[in-house]
Amino acid sequence: MVDEKNEAEINEVLNYLSELALRYAEEGQESDTKRLIEYIKMIGKKAALAGLEPIVIKTLLLIPPVAREACRQHMENALVSIILALGVIGKEAAGKKMEVPARIAAFCLGEMGNTATSKRSKKETIAVIFALGEIGKSVTWQRLGDVASSTVALLGETGKVAATQKFEDAALNAELLLQEIGTGAIEKNLKETADISVRSIHDIGKTADMQGLDKALLQAAYSLETIKLNAEDRYLMSASIIAEVALMHFERIEVEKLEDKLSKTSRGKKKFLSMDL
């Protein structure tokens, strides 16, 4: 169906699936809701790969009503599936340089991140951070500067709020993804995206410091140092200076003592949680 690029037929199927998914969510049938979200995700992903931008946009816009009902029904697993679906579709759309779908997916994830942190759902927050990171890496690689900057800002804000809620794993993942995106932005000469990455890591690190999250605090210092060195190598002085100024906040940290305390923390090498995107 998608391979044949029959948009009328695809629209008809999407309408049917989204209506059914919404009905299942309203009835509290979580497993059925998840199953339908997987079908919708598959269509959105294939549409992105086939270059069918209107279909990708439609797919993304059909998901939020289901998400709102799943949230009302406290269906956490279905919400995680929805978050990851948005991440997959947004990532594939970005890979095809579709700015509008990538922006829509990131915006929806930002909204879901706000909801997840406000109700203190660690699982959903980690999923949002992961999905935003995947979109952020893709739009950065494709040099979609404006979308990359807005996506990184959403990722940074979600990471900061995660640190406020003392979700240290989520904050750590955000810092590592921001480091990766910031480094990629420097390579692609996306100055604004690199600068926002640095500021976001700084904000998460400061919040981690206030909340007593030692791992996230140490990772912020490592990530800033990594980006600073990369920026200097590429003569991107703005990001280098911002990182250097940000690092001043961490000068009082007794790094060796923290490293001893957190013996399992390795400099800039901690793996983020896989969400099977």
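Buried means under 20% relative accessible area, exposed over 50%, and partly exposed in between, computed with a 1.4 Å probe on protein chains only. The model is predicted: local features need pLDDT of at least 70 and side-chain atom pairs count only at pLDDT 80 or more, while totals for chains, interfaces and linings use all residues. Residues are numbered from 1 along each chain as its sequence is written, and side-chain values use heavy atoms, with hydrogens and water left out.

The tour follows salt bridges (a side-chain nitrogen of Lys or Arg within 4 Å of a carboxyl oxygen of Asp or Glu). A search of the whole structure gives 10 of them.

Select Glu38 and Lys41. Their closest N and O atoms are 3.1 Å apart, forming a salt bridge. Both sit in helix α2 (residues 30-49), 3 residues apart, which means about one helical turn between them. Helices here are DSSP runs (H or I, at least four residues), numbered from the N terminus. Glu38 is partly exposed at 35% relative accessible area, whereas Lys41 is buried at 18%.

Next, select Glu124 and Lys119, a salt bridge with 3.3 Å between the closest N and O atoms. Glu124 is buried at 3% relative accessibility; Lys119 is partly exposed at 35%.

Then select Glu180 and Lys137, whose side chains form a salt bridge at 3.7 Å, N to O. This pair links distant parts of the chain, 43 residues apart: Glu180 lies in helix α8 (residues 168-187) and Lys137 in helix α6 (residues 122-141). Glu180 is partly exposed at 36%, and Lys137 is partly exposed at 22%.

Technical notes. Helices (H or I, at least four residues) and strands (E, at least two) are DSSP runs, numbered from the N terminus.
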